[in-house]
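Welcome, and please get your viewer ready. We will go from stop to stop, selecting a few residues at a time.

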Amino acid sequence: MATDERSSKEKILKKVRAGLLHKADAYPTNIDLDSDVFVKESGDLFETFSGNFHANKGFFKYCFNEYDFVDQFLAMVEEREWNSVISLEKYFQAMFAHCEFGLFIKKDDVRVADVGLTGCEALVSRTGSVIISTKGNLSRTLSIFPPVHVVVAYRENLCYDLKNYFGEWNTSDIQSLPSMTSIISGPSRTSDIEKTLVLGAHGPMEIHVFFIDQPKPF
């Protein structure tokens with residue numbers, strides 16, 4: 001090996017060793033909420049979300065209140081001929097029990113359900129993404145197994161960007177953090193086969209968001 005090549009290699013390895021010896025904080029907790037990498041879009045957050053969510057191949061429904069949500073959802077169940085809907089969240093179970101619509105409520109029924117119905121932790125307007133976690137939605141199962149995922153969201157779930165969502169986390173209390181968080185940007189998809197987009201490759205073929213324009217009652 002020539003002297004110049006050996007010298008260059010030693011310089012590179014020296015930088016690598018220096019980088020390995022430098023122990024930075026792996027989980028920085030100080031998030032700068034005042035700086036924006038992207039130009040913030042104007043308009044109401046739900047309008048921004050609905051446009052970006054639609055661009056992600058999602059279906060968005062606006063609801064004035066919970067009664068409007070139930071009416072629109074049951075109409076869609078009839079229109080789409082969905083035979084079975086599962087929800088593990090007691091609030092939604094009670095909501096549909098009042099209108100005598102039978103939900104599957106046992107986790108094992110997820111294998112045969114047409115639709116998984118969940119709440120969410122947040123709606124990210126800038127990317128049109130839905131965030132769910134084990135903190136409020138019990139498990140990731142309902143957003144993966146059924147061919148259709150229906151998300152019920154309220155106005156307070158809206159946030160502009162991921163940094164706004166994660167900036168509200170109390171990182172000093174590890175026990176309060178969810179064990180799992182999923183960021184969902186449209187239905188499952190892949191372009192691995194001949195660069196052809198296929199929906200529903202590794203999860204639901206459809207994702208619907210019913211946005212209820214009122215605060216959470218629970």
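**Stop one: strand S3 and its neighbours**

Start with S3 and strand S6 (residues 148-154), which run parallel and are joined by 4 bridges. Strands here are DSSP E runs of at least two residues, helices are H or I runs of at least four, and both are numbered from the N terminus. Two strands count as paired if DSSP finds at least two bridges between them. Before going on, note that this is a predicted model, in which local features need pLDDT of at least 70, side-chain atom pairs count only at pLDDT 80 or more, and totals for chains, interfaces and linings use all residues. Residues are numbered from 1 along each chain as its sequence is written, and side-chain values use heavy atoms, with hydrogens and water left out.

Select Val115 next: opposite it in S6 stands Val148, and Val115 is also the bridge partner of Val85. Val85 brings you to strand S2 (residues 85-86), which pairs with S3 in the parallel sense over 2 bridges. Follow the chain from S2 through helix H4 (residues 90-97) to S3, and you trace a left-handed β-α-β crossover. (Right-handed would mean that, with the strands pointing away from the viewer, the path from the first strand over the helix to the second runs clockwise.)

Are the faces of S3 covered or open? Both are covered: Val115 and Leu117 on one side, and Gly116 and Thr118 on the other, are all buried. Buried means under 20% relative accessible area, exposed means over 50%, and partly exposed lies in between (1.4 Å probe, protein chains only).

**Stop two: Ser129**

Now pick Ser129, in strand S5 (residues 129-133). Ser129 counts as buried at 2% relative accessibility. Its side chain makes a polar contact of 2.8 Å with that of Thr127; such a contact is a pair of N or O atoms within 3.5 Å, where within protein one must be able to donate a hydrogen and the other to accept it, and residues adjacent in sequence count only if both atoms are side-chain atoms.

**Stop three: aromatic rings**

Select Phe46 and Phe211, a stacked aromatic pair at 5.4 Å centre to centre, with 10 degrees between the planes. Rings of Phe, Tyr and Trp (its six-membered ring) pair if their centres lie within 6.5 Å; planes under 30 degrees apart are stacked, over 60 edge-to-face, and the rest tilted. Phe46 sits in helix H2 (residues 45-55) and Phe211 in strand S11 (residues 206-212), 165 residues apart. Both are buried.
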